Each structure stands twice: as C-alpha cells, then as structure tokens.
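The exercises below are to be worked through with the sequence and the model side by side. Each task is followed by a solution that goes step by step.

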Amino acid sequence: MGLIPDFKKIATRSPWLYRINAGSCNGCDVEMAVTALIPRYDVERLGCQYCGSPKHADIVLISGPLTVRVKDAVLRLYDEIPDPKVTVAVGVCPISGGIFRESYAVLAPIDQYIPVDVNVPGCPPRPQAIIAGVAKAIDIWRERL
Amino acid sequence: MNFLSLFARNLKSGPQVEAFPFGPAFTPDRLRGRIVFNADHCEGCRICERVCPANAIRFAKTPDGMTFDCWHNTCVFCGNCEFYCPTDAIHQTNDWNLAHTQAEKFDMVEHGLIPNQKCVECGATALNTAPMVKNAKPPLSETEYAEVRARCPKCRAKYLKNRKVPS
C-alpha cells in the first residue's frame, strides 16, 4: 500500500498552463505562445503543457492590465480553475499598470483582485524570462500540492 | 536519403533548443534590459523623469539630498532615459532575468542618492551633482572639475565666468 502514495507523488509533477488575457495588447500573449510553441524555447521540457480549458489548469499566466470591461470575465475564469493553482503575472501591465497606470479604464495592479505568486516584468518579457517565471511557479506549485 | 542527411546534420550540430533554465541563455550585448543609475555622474536635470512614458522614474527631495528611484516593475525598457541623459548617468544593461516572487515585488527598484554638500565658497547647502561643463572651452582639468563640483550652482556659474581662458 505504501507504493501507491509514492507513485502519486511522482505522477503529479506535470503542471498544465492556462493563459488569461486581461485586456493585454497581445505583445505578452505572443511571447507566451512563443515560449510554448516553438522548439527553440521549449517550455514542455519543464513538464508543462498549454491547455484550452481552465478546469484542467494548474498554473495561470495572466497578461494585461485588467481592463474594466474584461474584469468580470477574468474573475469568473479564475474561479473556475481548481486549487491548488499558481498565478503568474506576465508583463509590466498586470504588475503595476505600466504605461496604462492610473487610466480610468484599467484596474491594475491585478493583485488587488487576484492573488499573484510570481511576477515577470518586461514589456514584453523575453521568452526566457517567462520560462524562468514558470520554473519559479512550478516550485511554488509543488510546495502547495 | 534526405532523411539520412538531416539525421547526420542533427547528430553533428546537437539540439537547437535554448538551454536556458538548465544552462546559460544567449543574450545580445545591446539588449534593452534592467536600468542602472550612477549617482556620481548625475546632473540633477530630471529629464529622465520627464521623458519616462510609464513614470517609472521618480526623484524626491529628502533631508540627505535628492533620491532617484526606478521601479523595474513599471519600466517598459524603452531607453528614453538613456537617450536623453546628458551625462550618461543612466544606463540600460542587458539583464532581462527579472522574474521574481510576489514577496520581492517592492524590492525591484534601482535606488540612488545625490547627497547634499556645503558650498566651499559661500557655505550654502546644495546638491553634489555633476556640473554641466560639457561645452566649456577649453575643457576643464581634473582639479578644476573637482573645484567646480564642490560649489553651489551660483558659485559654479561665478567660477566658470571668472575662469582664466588662455586666448
């Protein structure tokens, strides 16, 4: 019987990524797609894979400054993701608002609404920086399991 | 046969994947990344604060002097500050690895202090900024530069005006 818990420990080590666009300009989304899709910056080496449904996700990558219009949809999507989840804020916008800070249409920083665990600043960040952020998020995620 | 030649080439050249999380990453020398500030060279003109599109740069007057803060979490790496800086006090390094946990969020700041000093001539308190002597002719020698720097702005102007220029 002792073997099964050990086996479960080994088996639960592949977090799935999910992307939320909270009103981003698409720059960070392109970089996030690049980290995963092209073989040059292969994020699947870390055991990650992009998934299309929030119900399968373990690590959430959020880009964009959380515009007023998209806020309800983002919060609803975020609630659909099962615990334990790790949130990564990608780009300067969700962290502080960047150049959109203090705009009437923007609710940045995003950590007022969503608990953020890892920040990856940059406008947009390099693919390698996003991979570094994902690697940090995986460490946090393993602690929470 | 095409497959065999590709196979041979791949065996020779190895994988094309960036090694990054497990090895060093390729970084171009002129990549626009994290900002560094050198308070010794700063003239105190605050043009960087003015041209910064994201308001990442803030100057503040404190009892010790003038502080400089650049928030990396707001900076968009546009390079305006470096471009407009008249004395090369602000630079962009090619450091891009800024990913950090939420606990470190408010440590991501480049801090600098331009200290106060007492003017050696009139004794007034003024900032120890780098003097604006780029266009002085003939160029200042090192001792002259140190003398100008130890003065307040008014005495600096007086010093430069009364400077003996060999004709």
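**Exercise 1.** How many bridges join strand 2 of chain B to strand 3 of chain B, and do these strands run parallel or antiparallel?

*Solution.* This is a predicted model, in which local features need pLDDT of at least 70 and side-chain atom pairs count only at pLDDT 80 or more, while totals for chains, interfaces and linings use all residues. Residues are numbered from 1 along each chain as its sequence is written, chains are lettered from A and ligands numbered from 1 in the order in which they are written, and side-chain values use heavy atoms, with hydrogens and water left out.

Step 1: strands (E, at least two residues) and helices (H or I, at least four) are DSSP runs numbered from the N terminus, and two strands pair if DSSP finds at least two bridges between them. Step 2: strand 2 and strand 3 of chain B are joined by 6 bridges and run antiparallel, with Thr62(B) opposite Gly65(B) of strand 3.

**Exercise 2.** Which strand order does the open sheet of 6 strands have, and what is its pairing?

*Solution.* Step 1: the order is 2(A)-1(A)-3(A)-4(A)-5(A)-5(B), with mixed pairing. Step 2: its edge strands are strand 2 (49–50) of chain A and strand 5 (100–101) of chain B, each of which pairs on one side only. Step 3: strand 3 (residues 59–63) of chain A runs parallel to strand 1 (residues 16–21) of chain A, to which 5 bridges join it, and a further 5 bridges join strand 3 to strand 4 of chain A, again in parallel. Step 4: Ser63(A) is the bridge partner of Asn21(A) and also stands opposite Val90(A) in strand 4 of chain A.

**Exercise 3.** Is strand 3 of chain A mostly covered or uncovered, and which residues have the most contacts inside the largest nonpolar core?

*Solution.* Step 1: 5 of the 5 residues of strand 3 of chain A are buried, that is, under 20% relative accessible area, where exposed means over 50% and partly exposed in between (1.4 Å probe, protein chains only). Step 2: Ile59(A), Leu61(A) and Ser63(A) are buried on one side, Val60(A) and Ile62(A) on the other. Step 3: a nonpolar core is a set of buried Ala, Val, Leu, Ile, Met, Phe, Trp, Tyr and Cys residues joined through side-chain atoms within 4.5 Å. Step 4: the largest such core has 28 residues, and Val43(A), Val88(A) and Val134(A) have the most contacts inside it. Step 5: helix 5 of chain A gives the largest share of this core, 9 residues.
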